[in-house]
Structures are given as C-alpha cells and as structure tokens.
Amino acid sequence: PAQLTLNTISPAKVSAGGAPFVLTVLGTGFTSTSTVLWNGSARSTTLVSTNELVAQITSTDIASVGTASISVQDPSSSVGTTSSQTLTIAPVSIDAVAFQINPAHTGGVSFANITLPTSAAWTVDVGGTPSYALIAGGKVFVTVNLSGAGSQLIALDQATGATVWGPIALGGTANAAYDSGRIFVLSSSIGNAATMLAFDAQTGSPLWSTLLAGQYAFSAAPTAADGYVYTGGAGSGGTLYAVDQTNGKIAWTQQVENGDNSTPAVTADGVYVTYPCWTYDFRPATGDSIWNANTGCEGGGGATPVVASQQVYSPNGISGYDGMIYNAATGTNTGTYNADAPPAFTSGIGYFLQSGTLRAITQSNNTVEWSFAGDGHLAGAPIAVSQYVFISSSSGNVYALDGATGQQVWQVTLPDPIVVSAAGLPFSGLSAGDGLLVVPAGQTVSAYVLSTNP
C-alpha cells in the first residue's frame, strides 16, 4: 500500500468570516480511518478515494485572520500523522477580480468609508468596447473589443487612468479575470478553440498560453480563484475547463449541457455553472461532481449564477435571468426568483433588477423592502458597495441608492450609453474595487473615487 502522505489542500486560502466549507485533501495512502486535522484537532472526514479526503470546516474555524495547519492522521498507517500544509485565512478582499466583483459574482464589496464624488477622477477613451473592469494592485484592467479587428488588453493606473502597460493584441473577443498578481484572459473566435493566456499583472509580461480544445464556441468569461482559472465552451455539447494558474495545464474538464454564456461562480468548495434547466456544482481542485439539478429540459444558452449566503441563484430558465434557488452544498431547491441581470447581495439582502425596476428583497422571507424605477431605462447588473447600491441606465445615467431605504442619493450622466452585457464576450457592466467605481460607456472607461482609504 502507498505510504500515507499529504500533497495538496483545496482551498489553500479563504476569507475570514466566511461560510462553512468542505476542504479537499489530496495525497496517498488514505483509508476509512484517515482523519483530517485542523490545527491538530480532528474534523469530520469522508474518504473519497485512497488519494482524496474531504473534511467539513466550520465558520468558527475561519472567524479570524490567520493560518491553520492541515494534516492527516491514520492509526492504521506506520506514518501516523503526515507533515502539514498551511491554509491562509485572509482579510476579505476589496479588489474587483471577476465579473460582478468577486468569483462568486455577488456584486458586493465593502470599503471602510465612502464619499460620493461630484465628478469622475478620470475618463479614458480605449478605442473600442471595454469589458468588465478588474481593479487590483493599483491598476484597472480591461479588454477592449475592436469591432472585427480582434481585441486588446490594457492596464490603466488607478489614480490617473494613464496606460501602465499594453495594449496587448488578442484574437477575437476576450474577457479577463485576476488572481494573485496575474491576469488570465480568455480569447475566442467563433468556430475555433479558445485560448487561455496568463500575464504578469505588474508588467504585462506573458506567462503562458493554452489552447482549450474540444469546443468551438466560447461565450463565457473566465473566473480565477485559488490556483485555477475556469471557463466553459460549447459547440459539441458543452465543456467546463479548469486550468492550472501556475503553468497553464488543463487540470480537469467536465461535460455539461450547452456550455454557453455561464461564467463559473466559484466558492471555497464549489464551481457552479448554469444552462437551460441545468445547474451543476463541481469540486474546484478535482472536478468531482458534487450535485446537479435538471428541471426537465435542455437547449442552447446559459447564464451566470450567483452564490450568496450559501444559496445558488441559478438562472436556469430558457432565457434571461429568471431561475431557481438551490442550497449551495446539497442542491436542494429552496425557491425561485425573477431578474433581468445577475442580482447583487449584501448580508441578508438581494438587489434584483426585475422588468426594469430595481428591488431590494430580504433573503430570509422574500419580502420586498423597496423598489426604484429610475428613468425607466434601468439595465445591467446592480452592484452593492458598502451602504449603497449602484445601478445603470441604458440612457447613460448611473444612480446610487441608499441600500436600506432605496432613496436616491447620487446620479451622474455620461455622454454615451453605459456598456452592459452579461452574455457573450466581452461581459461588461459596473465594477467597484480598491475605493473606485469604474463605469464603461461607449468607448470610454471612467473612474469615480468613492474612498481614498478603502
């Protein structure tokens, strides 16, 4: 028998104050008597295979910033207890690293303080249609669709909007995600396999490039988290891809229905994608199927799910963002919802754009707390920044509302329509991170300073 060893853990980093999660432990020589230890204390452990264990970690375990020592103990092994791996419990991020701000797509971020500005800090003409903005490491990253002439990737200075590096030419249409100092770009042309590329976020230096073979239609943005970058492809059925962030190797793939438009929502212990009538949950490090739900149909299309308060808001209708709510851990159906775009969430409250009206809905009892119709042309996904909710209008307005009351407290009007898209590359919309609100409009990107000390 293989000697008892611990090789890797997933996740290797979580946010302090987060929800309970299932820790994946990979190694060798595991048996039914193997137990995962958290700082030397046993946790409820399930044997998946001789190379894989999963253990239940509680919210109390990760209540505070710090580290935890992970090891495996097995009385049937001569080793007894393996050497340990370190899990980092980090402060909650204030970066924007994926579509709808974070890998779970909750559209929510909290700054230490906020002041609503009277004007934009800067506006930059990027020469094409800008994608959803990533905001991290002192920079704003966007891909730019050049209308039939491919795309490009640029990095702008957060303070001034000046170009730090780029433009880097890309084929077809593109979207990006950020994690741990790297930018990951999915570049796609219809009829061809897509390319996943990695760049150093500080310098723009290329790191690796990987062809995502097996499909020829890629319309979902990538999501990067905890060592992997995920995306979906379609053409012949559908495929979910997990790519190793370090070297660009494809870590695993899974067959799914359709593969269109669903940017994966990623949490500490799940990768979620949604297609008409289908919702899937896979284990991030291995691609193991955790659960899937099918409401009785299939067809082309798909949309981006949101995971908030341990619930999956799955837009699994035939079109649009109406869908079902599932328990994130078990897949149990807990309700339905209606939306025109991905909803945004703060603690206990969801903000849903429904038939052109923004509504605040308490998650626990489905009570509508307030509604806001704006100029009658609200469009795109809302985002929640501390105590405010921001929503855009196709006429070029951006509104800030008091999240508790729905009262309008701020408005700006841009000369061009706001760029909003939650389907097909490039995904775009309002973004917030590191104290900035970033708004794409026409061929411009504008930044508004909400906090100088976020």
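Predicted model: local features only at pLDDT ≥ 70, side-chain atom pairs only at ≥ 80, totals over all residues.
Visitor: How many helices and strands are in the protein?
Guide: Helices (H or I, at least four residues) and strands (E, at least two) are DSSP runs, numbered from the N terminus. By that rule the protein has zero helices and 44 strands.

Visitor: Why does the protein count as compact as a globular protein of its length?
Guide: The radius of gyration is taken over C-alpha atoms, and the globule rule is 2.2 Å times the number of residues to the power 0.38. For 454 residues the rule gives 22 Å. The protein is as compact as a globular protein of that length because its radius of gyration is close to that value, at 22 Å.

Visitor: What does the C-alpha trace span, and what share of residues is buried?
Guide: Along the principal axes, the C-alpha trace spans about 70 × 50 × 45 Å. Buried means under 20% relative accessible area, exposed over 50%, and partly exposed in between (1.4 Å probe, protein chains only). Of the 454 residues, the buried share is 56%.

Visitor: Which strands stand at the edges of the five-strand open sheet?
Guide: This sheet has mixed pairing and the order E11-E38-E39-E40-E41. Two strands pair if DSSP finds at least two bridges between them. Each edge strand has a single partner strand, so one side of each is left without a neighbour in the sheet; these are E11 (108–109) and E41 (408–413).

Visitor: In E41, what is the bridge partner of Asn 397?
Guide: Strand E40 covers residues 397–402 and runs antiparallel to E41, joined by five bridges. The partner of Asn 397 in E41 is Thr 413.

Visitor: Which are the edge strands of the four-strand open sheet?
Guide: The order is E22-E23-E24-E25, with antiparallel pairing. Two of these strands pair on one side only: E22 (223–225) and E25 (250–256).

Visitor: What is the average twist there, from one strand to the next?
Guide: Axes are lines fitted to C-alpha atoms, for helices over the stretch in contact, and angles run from 0 to 180 degrees between N-to-C directions. On that basis the twist averages 20 degrees.

Visitor: Which residue in E23 stands opposite Ala 224?
Guide: E22 and E23 (residues 228–235) run antiparallel and are joined by three bridges. Opposite Ala 224 stands Val 229.

Visitor: How many residues of strand E20 are buried?
Guide: E20 spans residues 194–200 and is mostly covered. Six bridges join E20 to E19 (residues 182–188), antiparallel. E20 also pairs with E21 (residues 206–212) in the antiparallel sense, over six bridges. Of the seven residues of E20, the buried ones number five.

Visitor: Which residue takes a positive phi in the hairpin of E20 and E21?
Guide: The hairpin of E19 and E20 has five residues between the strands, and there Gly 191 has a positive phi near 95 degrees. The hairpin of E20 and E21 has five residues between the strands too. Its positive phi, near 80 degrees, belongs to Gly 204.

Visitor: How much space lies in the largest cavity?
Guide: On a 1 Å grid over the protein atoms alone, a cavity is a set of points where a 1.4 Å probe fits but cannot get out, and a pocket is an open set with protein on both sides within 12 Å along at least five of seven lines; lining residues have an atom within 4 Å of a point. Grid points are joined across faces, edges and corners, and a volume is the space filled by probe spheres set on the points. The count comes to one cavity of 30 Å³ or more. The space in the largest cavity is about 50 Å³.

Visitor: Which strand gives the largest share of the lining of the second largest pocket?
Guide: This pocket holds about 260 Å³ of space. Its lining has 16 residues, and those closest to the centre are Tyr 313, Ile 325, Thr 336, Gln 363 and Asn 366. The largest share, four residues, comes from E33.

Notes: Residues numbered from 1 in each chain as written. Heavy atoms only, no water.
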